[in-house]
Amino acid sequence: MRLSRRSFLAALGAAATPAALGGCAGFSTGSGPASTEGSLTFTTWGTDAELAALRSAISAFEAANDGASVELNAVPYEQMFTNIDAQLQAGNPPDVFRVPYYTFGSYAGRDQLLDLTPHLSDGFADRFTPQAWAAVQNGGSPYGVPHHTDTSVILYDVQALADAGIDSVPQTLEEAWTWEEFADVARRLQESLPSDQSPFAYNWQGNGVTRWLSWLFEADGRFLEEDLVTPAIDSDAGAAAVEFTTSFFRDNLVPRNNSISSSTYAADSWFAGTVPMVFAGAFLIPDAEATYEREWAATFPPRNERSAGDFGGNALVATAQTEQPELVARFLEFVTEAEQMREFCAGSSLLPTRADLVEEGIEFEVRPELSQVFLQQSSAVLPQDSGQVASPDMSSIITVLQDGLEASFLGDADVETTLATLSDGIEAATQ
C-alpha cells in the first residue's frame, strides 16, 4: 500500500502533567513468567517504509518468542479510526493499534485502552524522553507506548533565500530566528518574490491545528492548566501567539489558502513552487528529495520566550478488551527496543522517543545530514507541552481551535474576542 502525500499529511499532526511521570517510573510484570504463545492482531496505517519496518519487527518478535504470532492489518488512514471505533463498539477490536498522540487521550479517557501499569517490566519508563512518556499518560498511568515522534522545522528553497539577500540561516537550535527576525526574513522574501507567490506556508490544516500550539508554547504559554481541565489560553502569551500568527494573513506573508480549513496542505504549496519556505515534518524528507527539483535545506522554527515544537507522531496502544495483556506488553516492549526503533525511524524519516537514541542520534536513510536539525528541534518540546495535547478532551479542543483561530485569520475577530472564544470553548470541551 502506498499512502498518498495528502493522506499522510492528514494523518500526522502533536499526556499527562510532568507530575504524573514520577509515579510510573517502574513496573513489575504479573506473578509468574508470561507465556510467549498466542496470536495478536495489530491494525495500523503507514507508508511503504513504515510498514516494511513493522513487518521486520514482527518477524523478529515471532522468532524471539516461539509460539507467538502477530497479524498485521494495514488500512488506509482515511478508514483507520472509523474501523477501530466500529470494532470497539462491536466488541471485536484488534489487540494493538496505532494512534496519533492528539487522539490518544480520547480513547484512554473512554476506558477503551489497556492500563499497562501491571504488565510492563521494571524501569520500562526510563527508556523514553520525559515528553514522550508524558504523551501516553492518562490519570497518572500509561495506556500506550510512544513509538516515534516527529516535529516541524522549516524546509526552504536555497536559491530563493539567496535571491532575497538571506545568505545565512540558523545552524543550531540556539541560533534560531526570533519572531521578529523571522518576520523580517518573510518580508524580505515578499519583496523579492513574484506577486503570485508568498514567503511561507504553515502546516496547521485540519487536525494539524495542534501545530499552532507551538507558537503558544514559544510565547511560554499554555492552553490548559496543570489539571488539564481549566483553560489557560487567555493570557499574555495567548495574545502574543494569536496576534503574531494572524499577522501572517493580514500582511500577506502566507497564501490565502493556507488557512486551517483549507483543502490545500502547506507542503502542497511548497512542492508547487508557490512558497519558498514551509513548516514540515521529517516524514516529508523522502518525498522532497525525490520530487523537489531545486536545491533545498532545513532550518529551525523561530523562538520567542523559548523554543518549542509540535509533538507529532504516534503511539502504540492495546485495547482494554485484549485477552492477552502480557503478550501484548511483551510485543510493545519489543518494538520499542533500541534496534527496532532505530531501524523504524531511520528508514521512515521519523524521530525516536527513546532517550538513548535521541542522545546518540540517528541517521535518516535519506538526507542524513538533516537528522540533527529535527532531533535538536524535538528537544524543544517539553513534557508540559506534550502532556496537554494528550488531554482526554483533545478531540473537542481541536474543533475549538479550528473555529476560533479561523475567525481571527480570515475574519474580523480581534485578539480579545478570539481569546475569549477559545477560552470559553476549551472550558465547555473539558466539562
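Biologist: Which residues line the largest cavity?
Modeller: First, keep in mind that this is a predicted model. In the model, the largest cavity is lined by Thr129, Gln131, Ala132, Thr149, Phe311, Pro352, Thr353, Val358, Ser378 and Ser379.

Biologist: What volume does the largest cavity have?
Modeller: About 70 Å³.

Biologist: And how many of the lining residues are nonpolar, polar or charged?
Modeller: Six are polar and four are nonpolar. None is charged.

Biologist: Then take H2 and H12. At what angle do they pack, and how far apart are their axes?
Modeller: H2 covers residues 48–64 and H12 covers residues 325–335. They pack at about 125°, and their axes are 10 Å apart.

Biologist: Which hand is the crossing of H2 and H12, left or right?
Modeller: H2 passes H12 in a right-handed crossing. On the H2 side, the contact is made by Ala57, Ile58, Ala60, Phe61 and Ala64. On the H12 side, Leu327, Arg330, Phe331, Phe334 and Val335 take part.

Biologist: What kinds of residues make up the contact of H2 with H12?
Modeller: Nine are nonpolar and one is charged. There are no polar ones.

Biologist: How do H2 and H13 pack?
Modeller: H13 spans residues 338–348. The angle between H2 and H13 is about 165°, and the axes are 8 Å apart. Angles over 145 degrees count as roughly antiparallel, so H2 is roughly antiparallel to H13. The crossing of H2 and H13 is right-handed.

Biologist: Which residues of H2 meet H13?
Modeller: Ala49, Glu50, Ala53, Leu54, Ser56, Ala57 and Ala60. Their partners in H13 are Gln340, Glu343, Phe344, Gly347 and Ser348. This contact has six nonpolar, four polar and two charged residues.

Biologist: Last pair. Where are H9 and H18, and how do they cross?
Modeller: H9 is residues 236–250, and H18 is residues 415–429. Their axes come within 10 Å and cross at roughly 120°. The crossing of H9 and H18 is right-handed.

Biologist: Which residues make the contact there?
Modeller: H9 brings Gly238, Ala239, Val242 and Glu243. H18 brings Val415, Thr418 and Leu419. Four of the contact residues are nonpolar, two are polar and one is charged.

Definitions and conventions:
Residues numbered from 1 in each chain as written. Predicted model: local features only at pLDDT ≥ 70, side-chain atom pairs only at ≥ 80, totals over all residues. Heavy atoms only, no water. 1 Å grid on protein atoms, 1.4 Å probe; cavity = no way out; pocket = protein on both sides within 12 Å on 5 of 7 lines; lining within 4 Å. Points joined across faces, edges and corners; volume = space filled by probe spheres on them. Nonpolar A, V, L, I, M, F, W, Y, C, P; charged D, E, K, R; others polar. Axes fitted to C-alpha atoms, helices over the stretch in contact; angles between N-to-C directions. Helix = DSSP H or I, 4+ residues; strand = E, 2+ residues; numbered from the N terminus. Left-handed = near helix turned anticlockwise from the far one by under 90°. Contact = heavy atoms within 4.5 Å. Parallel < 35°, antiparallel > 145°, perpendicular 65-115°, else oblique.
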